[in-house]
Amino acid sequence: MAASTNPGTQQKSIVTTKQAAADIAGHHTEIVVNNFKDHLFIIATQYMKLGTVVQVTQDLIADEVQGSCPMFSTNVLLGKDEPLTHVMAKTIVAALNPSKDVILSLALKDTTPDTVHAVTDLIKTCLR
Amino acid sequence: MASPSQIAVSDFSEIILDKTVFFKVMRLTDSFFVWVGLEPHLSNMAVAMPAKYGSVPSCSLLFGNKSDLSSTSLAQKLELTAKKLSKQVFVSCTVPFDQHLSVLVEKRLAQELALNGSGDL
C-alpha cells in the first residue's frame, strides 16, 4: 500500500443499497436497488447475474386533458434487444414511478406477467 | 417467501490523496459490479470480459461520456489483474481523472477482488 493511502475509513457509503430476495414461481429471485443521486440502479435477477441491462428514461409529456403523464423510453445497453425486454422494462418502471432515470438489469428465467408483477412488488419493497 | 440473499454487496470508503473515495462492490455469479466515486452519481458504466484470443480483455462502455475513459480503462485493468478469476467486470467510475489517484484506486480494488473474489463464487 502506498504511503498516501489511509486505511482509516469514515462513512460507509454515500449510495444506499437495499436488497430483497424471494421465491417467485419456484425461482429464487434477488433484487438489489442502488439509489444514486442521478439514477436508480435496479437489479432483478433469477440467475444471480446482471443479464440484460436497460436504460429507462422518463419524458414528461404535458397533456391538456390528463395534465402531465409520464412516458418512458427504453434503451437496451447490453443483452437481448427484443420487444419483450422493452415491455418488461417499461412495465416495471412505470409501476415504480421513480423520480430519476433508471438503469434496470433483468435476468429472469420466467417472463410471464405474473412473475413480472411479483418482481415489481418486490422492487417496491426496496424503494420504501 | 423470504430466502437468504445470494448477492453480496460490500461498501467501503478510503481516504486516498486527501479525498474520500467511496467504493461499492457487488459479487454476482461469474461477474462483479464495481462502483467508485467521490459523489453519489452513476454517470457511466463499462463492462470488460476476458478475450478468448489474446491477452487484452474486451471492453465496452454501456452508457456515459464516450470521451471519459476512466471506467473502460479501470474495467480493463481489473479484468487483467483478476484474470485468474476470468469473470466479467462491470465498472462505473466517477472519480475525476488523476494519474496518481487512479493508480491507487485500482490497487485498492484489485486487492478487494483478490481478497474475497476467489471465495464462495
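A:Ala25 is exposed, with a relative accessible area of 60%; a residue counts as exposed over 50% relative accessible area, as buried under 20%, and as partly exposed in between (1.4 Å probe, protein chains only). This residue lies in the loop between strand S2 (16-24) and strand S3 (27-35) of chain A, where strands (E, at least two residues) and helices (H or I, at least four residues) are DSSP runs numbered from the N terminus. The phi of A:Ala25 is near 50°, a positive value in a residue other than glycine. Most residues other than glycine have a negative phi. The structure is a predicted model, in which local features need pLDDT of at least 70 and side-chain atom pairs count only at pLDDT 80 or more, while totals for chains, interfaces and linings use all residues. Residues are numbered from 1 along each chain as its sequence is written, chains are lettered from A and ligands numbered from 1 in the order in which they are written, and side-chain values use heavy atoms, with hydrogens and water left out.

A:Met48 is found in the loop between strand S4 (39-45) and strand S5 (52-63) of chain A. With 6% relative accessibility, A:Met48 counts as buried, whereas A:Ala25 is exposed.

Read from the N terminus, the elements of chain A follow the order β-β-β-β-β-β-α-β-α. Helix H1 of chain A covers residues 83-96 and contains A:Leu84, a partly exposed residue with a relative accessible area of 36%. Between A:Leu84 and A:Lys100 there are 16 residues in sequence and 23 Å in space, C-alpha to C-alpha. A:Arg128 is placed in the segment after helix H2 (113-127) and is exposed, at a relative accessible area of 72%. From A:Arg128 to A:Lys49 the separation is 79 residues in sequence and 24 Å in space, C-alpha to C-alpha.

For chain A as a whole, 44% of the 128 residues count as buried. Of its contacts (heavy atoms within 4.5 Å) with a separation of 6 or more, 55% are accounted for by residues 24 or more positions apart. Chain A exposes about 6300 Å², with 51% supplied by carbon and sulfur atoms; accessible areas come from the Shrake-Rupley method with a 1.4 Å probe, and for residues only the protein chains shown count as cover.

Chain B has two helices and six strands, arranged from the N terminus as β-β-β-β-β-α-β-α. Its radius of gyration is 14 Å, close to the 14 Å that the globule rule gives for 121 residues, so chain B is as compact as a globular protein of that length; the radius is taken over C-alpha atoms, and the rule is 2.2 Å times the number of residues to the power 0.38. The C-alpha trace of chain B spans about 40 × 40 × 25 Å along its principal axes. Of the 121 residues, 47% count as buried.

Within chain B, B:Glu14 is placed in strand S1 (residues 8-16). B:Glu14 is buried, with a relative accessible area of 4%. Its side chain is joined to that of B:Arg108 by a polar contact of 2.5 Å; such a contact is a pair of N or O atoms within 3.5 Å, and within protein one must be able to donate a hydrogen and the other to accept it, with residues adjacent in sequence counting only if both atoms are side-chain atoms.
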